[in-house]
Amino acid sequence: MKKRTVFAAGLLLVCLAATMVAHPHFNKTVTAAVKGLELKLTYFTLPYNAKHLEGIKEGFVFHCGRAKLNVAGEMTVGSTKLAAGSYLLRAKAKSADEWTLVLIPEAQAGDPQNPDMSKGIALETKSFAKQSELHHLDLNLTGGHGDSDGKLLVTVSFGSRRIEAAITLPPTA
């Protein structure tokens, strides 16, 4: 009986130590409100794993931490007007260093774990390699710069890569 108690206590300590050492991954939300447009970007943080990118082939779809963009207001991406609503955000590979961000209306996506990519709206995307190394997936909403000045950028960063796509803001009333 005493051996069982000591074993159980030891097992409990090992489990507690493992949870204290384990790296936390959590749901993250980024919000932006500008020119009457409100956006909320939610995703699950993930560790960057370089080995996963070694075998990336054209057409691979990265779920971006199961990212979802909720938009309160009308927005324009490229020449496409999008209504207020909820969109899944995914990145489709052309290669390990070149990606296209895609918004899929959640209502039309089907299974969110494996959405119907034919319902997606490809965003005009810029891919950047050899950036500062990030150890975790990071998504953000930031102000544009250069040729995207005056627009809102959706950015997805992982490892030494950054992907960004511009959203046109509504005109000021």
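Here is a walk through some strand pairings and salt bridges in this structure. The model is predicted, so local features need pLDDT of at least 70 and side-chain atom pairs count only at pLDDT 80 or more, while totals for chains, interfaces and linings use all residues. Residues are numbered from 1 along each chain as its sequence is written, and side-chain values use heavy atoms, with hydrogens and water left out.

Let's start with the strands. Strands here are DSSP runs of E with at least two residues, numbered from the N terminus, and two of them pair if DSSP finds at least two bridges between them. S1 and S2 run antiparallel, joined by eight bridges.

Now look at the side chains of S2 (residues 37–44), which alternate along the strand. Leu37, Leu39, Leu41 and Tyr43 point to one face and are buried, where buried means under 20% relative accessible area, exposed over 50% and partly exposed in between (1.4 Å probe, protein chains only).

On to the charged pairs. The structure holds seven salt bridges, each being a side-chain nitrogen of Lys or Arg within 4 Å of a carboxyl oxygen of Asp or Glu. One of them joins Asp138 and Lys28, with the closest N and O atoms 3.3 Å apart. Asp138 lies in strand S11 (residues 134–143) and Lys28 in strand S1 (residues 27–34), so this pair ties together parts that are 110 residues apart in sequence. Asp138 counts as partly exposed because its relative accessibility is 26%, and Lys28, at 28%, counts as partly exposed too.

Another salt bridge brings together Arg161 and Asp97, at 2.9 Å from N to O. This pair also links distant parts of the chain: Arg161 is in strand S13 (residues 161–168), and Asp97 is in the loop between strand S7 (85–93) and strand S8 (99–105), 64 residues apart. Which of the two counts as buried? Arg161 does, because its relative accessibility is 14%, whereas Asp97, at 39%, counts as partly exposed.

Finally, Glu98 and Lys94 meet through their side chains in a salt bridge of 3.8 Å, N to O. Glu98 has 39% relative accessibility and so counts as partly exposed; Lys94, at 43%, counts as partly exposed as well.

Key: Helices (H or I, at least four residues) and strands (E, at least two) are DSSP runs, numbered from the N terminus.
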